[in-house]
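Here's a friendly walk through the fold you are about to see. Have the model open and follow along from strand to strand.

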Amino acid sequence: MARKIVNNLKFKKYVGDFDPKEFSELMDEAYLNTKRANQITTKTSFSPSSFGYGHGNCSRYWYMAFKGAMFIDNNDSIAIANMKQGTQAHERIQKLIKSIGILKHEELEVTNVRPPIRGFIDIIIDWHDKDVIGEIKTAKQEVWDSKQASMTPSENHLLQILTYMKLMDINEGFFLYENKNTQELLVIPVQMNEKNKKIIDDLFLWLSEVHDNILEGDLPFRPYTKSSYTCKNCPIYKECWSSESGTVQIEPYSVSE
């Protein structure tokens with residue numbers, strides 16, 4: 001069930017000309033009207049922001065996306081609001097870093113031919129004459145607390161920055177997590193050490209296998225059940241489950257231990 005953007009309608013009934021329930025529905029609709037239109041989309045590259053999370057781990061998703069599929073935006077009004085808040089935080093923090101005088105690039109496009117990848121790096125800073133890649137993220141209080149305790153980024157976030165570091169041949173990076181509740185910042189550094197090099201090399205091997213199958217193979221089997229979180233939140237869920245079962249076995253991506 002889709003969440004509603006206004007969540008305080010259990011108050012005592014209001015007797016006046018203003019109708020808070022009707023107003024709440026208008027606010028919800030206003031957010032939903034900003035969603036991307038449902039349309040057939042054909043991907044030409046892998047997106048680093050999709051790596052390691054949900055349908056980004058599914059070879060069947062990528063196969064159908066590269067061949068062309070009907071994409072349906074399943075985000076509810078709260079998810080849309082969260083994304084807009086994240087965008088605003090990016091812009092605000094990028095502007096702040098620029099004021100320090102160390103910002104070298106922002107929203108820098110990065111591409112790769114094999115496997116085909118296209119993404120945008122949040123920031124590259126000049127740190128004492130060395131380039132360092134930075135990714136800006138926002139997190140709810142409980143998520144922020146967990147990251148502060150472990151000093152490790154989310155798995156999908158790690159794959160994203162390691163992809164950029166590999167493609168740019170830059171050995172150091174960092175995450176800047178902003179607490180949505182307090183606006184506190186958490187800095188988590190990342191190095192291209194042997195462990196991370198293996199992680200990103202393994203991901204590129206999986207992406208290459210998936211892309212080779214897109215070019216020369218057939219539709220992969222579904223690796224998840226119809227009711228799984230991954231499938232239910234996939235933008236091509238409807239088309240995938242109305243299509244044939246597939247003939248190719250490619251295991252979902254997962255970070256090697």
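Glu135 stands opposite Phe175 of strand S6 (172–179). Strand S5 (130–139) and S6 run parallel, joined by seven bridges. Strands here are DSSP runs of E with at least two residues, helices are runs of H or I with at least four, and both are numbered from the N terminus. Two strands count as paired if DSSP finds at least two bridges between them.

On to the next partner: S6 and strand S7 (185–191) run antiparallel, again with seven bridges joining them. Here Gly173 stands opposite Val190 in S7. The hairpin of S6 and S7 has five residues between the strands, and in it Gln183 takes a positive phi near 65 degrees. S6 is mostly covered, with seven of its eight residues buried. Buried means under 20% relative accessible area, exposed means over 50%, and partly exposed is in between (1.4 Å probe, protein chains only).

## A word on the model

This is a predicted model, so to speak of a local feature takes pLDDT of at least 70, and side-chain atom pairs count only at pLDDT 80 or more, while totals for chains, interfaces and linings use all residues. Residues are numbered from 1 along each chain as its sequence is written, and side-chain values use heavy atoms, leaving out hydrogens and water.

## The greasy middle

Nonpolar side chains in soluble globular proteins tend to be buried together. In this model, the largest nonpolar core has 46 residues, and Phe46, Tyr61, Trp62 and Ile133 have the most contacts inside it. Such a core is a set of buried Ala, Val, Leu, Ile, Met, Phe, Trp, Tyr and Cys residues joined through side-chain atoms within 4.5 Å. Several elements supply at least two residues each, including helix H2 (59–67), helix H5 (155–168), S5, S6 and S7. Which element gives the largest share of this core? That's H6, with eight residues. Apart from this core lies another one, of 10 residues, among them Leu103, Ile125, Ile136 and Leu176.

Now for a couple of neighbourhoods, where contact means heavy atoms within 4.5 Å. Setting aside neighbours within four places in sequence, Tyr61 touches Lys43, His55, Phe71, Cys234, Pro235 and Ile236. Asn196 sits in helix H6 and is buried, at 10% relative accessibility. With neighbours within four places in sequence left out again, Asn196 is in contact with Leu158, Leu162, Val190 and Gln191.

## Charged pairs

How many salt bridges does the structure hold? There are nine, a salt bridge being a side-chain nitrogen of Lys or Arg within 4 Å of a carboxyl oxygen of Asp or Glu. One of them links Arg114 with Asp212, whose closest N and O atoms are 2.9 Å apart. Arg114 lies in the loop between strand S3 (103–112) and strand S4 (117–127), and Asp212 in helix H6 (residues 194–216), so this pair ties together parts that are 98 residues apart in sequence. Arg114 is exposed, at 52% relative accessible area, whereas Asp212 is partly exposed, at 31%.

Lys166 joins Lys197 and Asp201 in a network of salt bridges. Elsewhere, Glu142 pairs with Lys140 (3.8 Å, N to O), and Lys140 is partly exposed at 47% relative accessibility.
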